[in-house]
Amino acid sequence: MNIQQVAKRAKVSSATVSRVLNGAPNVSDETSARVRKVIAELNYVPNNHARNLRVGSARMFGLIVSDINNPFFPELIDAFEAMASQHGIDVIFTHTNYDPNRLQSCIRRMIERNVDAIAVMTSEVDEKALELAAVRVPLVLMNQPALSTLYRNVPVEYGPGFKEALEHLLSLGHKDIGFIAGPSNLSSATRRHEEWALAMKRHKLHVRPEWVVTGDLRVPGGDRAMQELMSMSPRPSAVLTSNDLMAVGALQAAMHAGLRIPADVSIIGFDDLPIASMVMPQLTTIRLPRREIAARAFTSLLQATRDGTRTECEVVHPTLVVRNSTGRQSSTNLKRLGDRGQGLRN
């Protein structure tokens with residue numbers, strides 16, 4: 001819908017529609033009500049992006065993340081906002097709480113706030129919600145390869161990170177490796193699970209289905225998943241997790257069960273959140289450089305608002321950070337692990 005169609009349906013001029021949208025006082029209550037009714041019926045949202053392109057400037061970017069309570073996102077938000085500030089651009093942000101259905105309302109509120117571009121840095125996307133924004137402002141997504149031909153995208157290649165993690169565990173003698181996955185309805189969690197499984201296959205390591213447990217990407221979910229893994233017989237000598245929060249939960253569960261880390265079980269997280277170096281033992285994890293993601297997303301949007309062009313973002317590659325939650329596999333440890341597992345089951 002455009003302003004001319006709204007005007008035609010309401011039987012007024014485009015200038016009158018504009019005055020209604022801007023809250024001008026020189027429009028009668030009856031006309032204003034009629035125009036607003038048509039706006040609602042046509043689901044019309046004003047396109048301020050076109051005006052900003054004409055004057056060659058951007059004033060405000062929107063940033064949507066999955067969960068502002070997740071320590072993964074504050075660093076990304078901080079980096080994005082810092083770059084925006086350098087260019088005189090304000091940022092408004094909100095979160096979906098991992099609910100794809102909330103994305104549409106988040107986008108609508110930002111369009112109503114007249115943002116010039118939107119970065120959707122979420123684990124989940126709703127394509128209909130994206131369509132609402134794409135006809136009005138430039139969009140950039142975080143690691144959504146299935147939509148990369150339609151929208152700007154900051155790609156993340158998880159494979160190298162899992163490759164390093166498995167080579168590290170193999171060097172310590174581990175071959176019995178489990179995985180705590182994220183919810184299957186989140187595309188990023190699904191891709192991490194798939195890349196871990198591919199890395200296992202490439203290293204000729206057997207994936208045991210019972211050693212793959214699903215968590216909720218938060219500490220309690222990692223705790224519950226680790227309890228389930230540690231109650232099995234046999235059970236893995238090392239566990240990778242889909243993110244650091246679940247790895248912290250896994251550390252808690254193992255220690256509450258009387259297991260020593262890494263003497264009895266090794267644990268590797270993913271993301272390298274600040275908490276990874278604060279817990280005891282410090283967490284070995286796969287670092288995902290969030291500032292790089294933010295910088296590439298912002299640069300892509302800035303270019304789009306300046307000249308409308310689209311270039312491919314460089315791929316972001318995670319790397320392994322070795323700390324104290326991983327250790328060497330030994331026959332003594334295996335014996336102790338089996339004994340304590342029997343105690344858990346009893």
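This is a predicted model: local features need pLDDT of at least 70, side-chain atom pairs count only at pLDDT 80 or more; totals for chains, interfaces and linings use all residues.

Biologist: Which other residues have pLDDT under 50?

Modeller: Residues 52–56 do, with 5 contacts beyond four places in sequence. The chain has a mean pLDDT of 88, and 91% of its residues reach 70 or more.

Biologist: What makes strands E6 and E8 a pair?

Modeller: A pair needs at least two bridges. Strand E6 (residues 177–181) and strand E8 (residues 238–241) are joined by 4 bridges, and they run parallel. So they pair. Ile 180, for example, has Thr 241 in E8 as its bridge partner.

Biologist: Why are E7 and E11 called edge strands?

Modeller: The open sheet has 6 strands in the order E7-E6-E8-E9-E10-E11, with mixed pairing. Strand E7 (212–214) and strand E11 (319–321) each have a single partner strand, so one side of each lacks a neighbour in the sheet. On average, neighbouring strands of this sheet are turned by 20 degrees against each other, direction ignored.

Biologist: What lies across E6, E8, E9 and E10?

Modeller: Helix H11 (residues 244–256) does, and H11 runs at about 160 degrees to E9.

Biologist: Which members of the largest nonpolar core touch the most other members?

Modeller: Phe 80, Met 121, Met 226 and Leu 240, out of 76 residues. Leaving aside neighbours within four places in sequence, Met 121 has contacts including Leu 63, Phe 73, Val 140 and Ile 293. A second, separate core has 21 residues, among them Ile 92 and Leu 147.

How values were computed
Residues are numbered from 1 along each chain as its sequence is written. Side-chain values use heavy atoms; hydrogens and water are left out. Helices (H or I, at least four residues) and strands (E, at least two) are DSSP runs, numbered from the N terminus. Axes are lines fitted to C-alpha atoms, for helices over the stretch in contact, and angles run from 0 to 180 degrees between N-to-C directions. Contact means heavy atoms within 4.5 Å. A nonpolar core is a set of buried Ala, Val, Leu, Ile, Met, Phe, Trp, Tyr and Cys residues joined through side-chain atoms within 4.5 Å. Buried means under 20% relative accessible area, exposed over 50%, partly exposed in between (1.4 Å probe, protein chains only). pLDDT is the predictor's confidence in each residue, from 0 to 100.
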